[in-house]
Amino acid sequence: MPEDSALIEGFSPQSDDAFHELLLRFSTAASQGTSASDLIRYFCRELRHFFQVDGVYFWRRNAADELVGAEA
């Protein structure tokens, strides 16, 4: 058993159909001219719900060696 499997023990992944639906919702939001900041916020919120986790973070690369939190 791989070492990383302990990190996801008990995790129940969503179905492929649910994931495809999630991607379709993102695509629809992007095609409707949603601003980048609103789209990132939507992305974080939907992924938090999809993966049933307490938080999702979106980081921007500010420089070659620096990441800046853009949304949580």
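These are my notebook entries on a predicted model of one chain.

**Ground rules.** I number residues from 1 along each chain as its sequence is written, and I leave out hydrogens and water, since side-chain values use heavy atoms. In this predicted model, local features need pLDDT of at least 70 and side-chain atom pairs count only at pLDDT 80 or more, while totals for chains, interfaces and linings use all residues.

**Confidence.** I looked up pLDDT, the predictor's confidence in each residue, from 0 to 100. The chain has a mean pLDDT of 82, and 81% of its residues reach 70 or more.

**Layout.** I found two helices and two strands, in the order α-α-β-β along the sequence. Helices (H or I, at least four residues) and strands (E, at least two) are DSSP runs, numbered from the N terminus.

How do β1 and β2 run? They run antiparallel, and five bridges join them; strands pair if DSSP finds at least two bridges between them. β1 covers residues 58-63 and β2 residues 66-71. The two strands form a hairpin with two residues between them. I noted one partner pair: Arg 61 is bridged to Leu 67 in β2.

**Core.** Which residues make up the largest nonpolar core? I listed eight: Leu 22, Phe 26, Ala 29, Tyr 42, Cys 44, Leu 47, Phe 50 and Val 56. Buried means under 20% relative accessible area, exposed over 50%, partly exposed in between (1.4 Å probe, protein chains only). Of the chain's 72 residues, 15% count as buried.

**Surface patch.** I then looked at Tyr 57, Trp 59 and Leu 67, which form a nonpolar patch on the surface with about 400 Å² of accessible area together. Trp 59 is in β1. Accessible areas come from the Shrake-Rupley method with a 1.4 Å probe, and for residues only the protein chains shown count as cover.

**Gln 52.** I placed Gln 52 in the loop between α2 and β1. Its phi is near 55°, a positive value in a residue other than glycine. Most residues other than glycine have a negative phi. Is Gln 52 buried or exposed? Gln 52 is exposed, with a relative accessible area of 62%.

How values were computed: Patch = residues over 30% accessible without salt bridge, like charges linked within 9 Å, V, L, I, M, F, W, Y side chains within 5 Å. Salt bridge = Lys/Arg side-chain N within 4 Å of Asp/Glu carboxyl O. Core = buried A, V, L, I, M, F, W, Y, C linked by side-chain atoms within 4.5 Å.
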